[in-house]
Amino acid sequence: QVQLVESGGGLVQAGGSLRLSCTASGSRLTMGWYRQAPGKQREMVASITDNGNTNYADSVKGRFTISRDNAKNTVYLQMNSLKPDDTGVYYCNAKFAPWSPNYWGQGTQVTVSS
């Protein structure tokens, strides 16, 4: 069982920045961030493998950057040029392999005001 602890959400004006952090109780995980807006399905935002390969949703490319510190088992999501459409609950995700179970954090609220 992997435990994920998130931090860093909040309220920001459009055009502003936030940084999310997620620390895992395990290592050698592919980690990522998903978000869920009210009335919408949860969607992938960004992911990063254990060796640093990244993947982004088209809607955040060029604005968000995912990174990780393997020594701390922590992944970060730097979010710049935030838009009201970025509002939602952001969930940290981790798994050991594409076919293995997903682990989820408790979620952190990000609200971008116009």
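1. How many of the seven residues of strand S3 (residues 18-24) are buried? The answer is five, so the strand is mostly covered, taking buried as under 20% relative accessible area. The model is a predicted one, and the points below should be read with that in mind.

2. The sheet around S3. S3 belongs to an open sheet of four strands, in the order S1-S3-S8-S7, with antiparallel pairing. S1 and S7 are the edge strands, each pairing on one side only. From one strand to the next, the twist averages 15°.

3. The two partners of S3. On one side, strand S1 (residues 4-7) pairs with S3 in the antiparallel sense over four bridges; serine 7 has serine 21 in S3 as its bridge partner. S3 is also joined to strand S8 (residues 74-79), again antiparallel, by six bridges. In that pairing, leucine 18 stands opposite methionine 79 in S8. As background, strands of a sheet pair through backbone hydrogen bonds, either parallel or antiparallel.

4. The nonpolar core. The largest nonpolar core has 28 residues, and those touching the most other members are Leu4, Met31, Trp33, Leu77, Met79 and Tyr90. Two or more residues come from each of S3, strand S4 (30-36), strand S5 (43-48), S7, S8, S9 and strand S11 (108-113). S3 gives the most to this core, with four residues. In soluble globular proteins, nonpolar side chains tend to be buried together.

5. Leucine 4. Leaving aside neighbours within four places in sequence, leucine 4 is in contact with residues that include Cys22, Thr23 and Ala24. Its contacts also include Met31, as well as Cys92, Asn93 and Ala94.

6. Salt bridges. Five are found in a search of the whole structure. Arg35, Glu43, Arg63 and Asp86 are linked in a network of salt bridges. The pairs are taken in turn below.

7. Arginine 35 with glutamate 43. Their side chains meet in a salt bridge at 2.7 Å, N to O. How accessible are the two residues? Glutamate 43 has 36% relative accessibility and therefore counts as partly exposed. Arginine 35 has a relative accessible area of 6%, so arginine 35 is buried.

8. Arginine 35 with aspartate 86. This salt bridge has an N to O distance of 2.9 Å. The pair links distant parts of the chain, with arginine 35 in strand S4 and aspartate 86 in the loop between S8 and S9, 51 residues apart. Aspartate 86 counts as buried because its relative accessibility is 1%.

9. Arginine 63 with aspartate 86. The side chains meet in a salt bridge at 2.8 Å, N to O. Arginine 63 lies in the loop between strand S6 (54-56) and S7, while aspartate 86 is in the loop between S8 and S9, so the pair ties together parts that are 23 residues apart in sequence. Arginine 63 and aspartate 86 are buried.

10. Backbone angles to check. Most residues other than glycine have a negative phi. Asparagine 73, not a glycine, has a positive phi of about 50°; it sits in the loop between strand S7 (64-69) and S8. Serine 81 also has a positive phi of about 50° without being a glycine, and lies in the loop between S8 and strand S9 (88-95). With a relative accessible area of 41%, serine 81 is partly exposed.

Notes:
Residues numbered from 1 in each chain as written. Predicted model: local features only at pLDDT ≥ 70, side-chain atom pairs only at ≥ 80, totals over all residues. Heavy atoms only, no water. Buried < 20%, exposed > 50% of the residue type's maximum accessible area, 1.4 Å probe, protein only. Pairing = 2+ DSSP bridges. Core = buried A, V, L, I, M, F, W, Y, C linked by side-chain atoms within 4.5 Å. Contact = heavy atoms within 4.5 Å. Axes fitted to C-alpha atoms, helices over the stretch in contact; angles between N-to-C directions. Salt bridge = Lys/Arg side-chain N within 4 Å of Asp/Glu carboxyl O.
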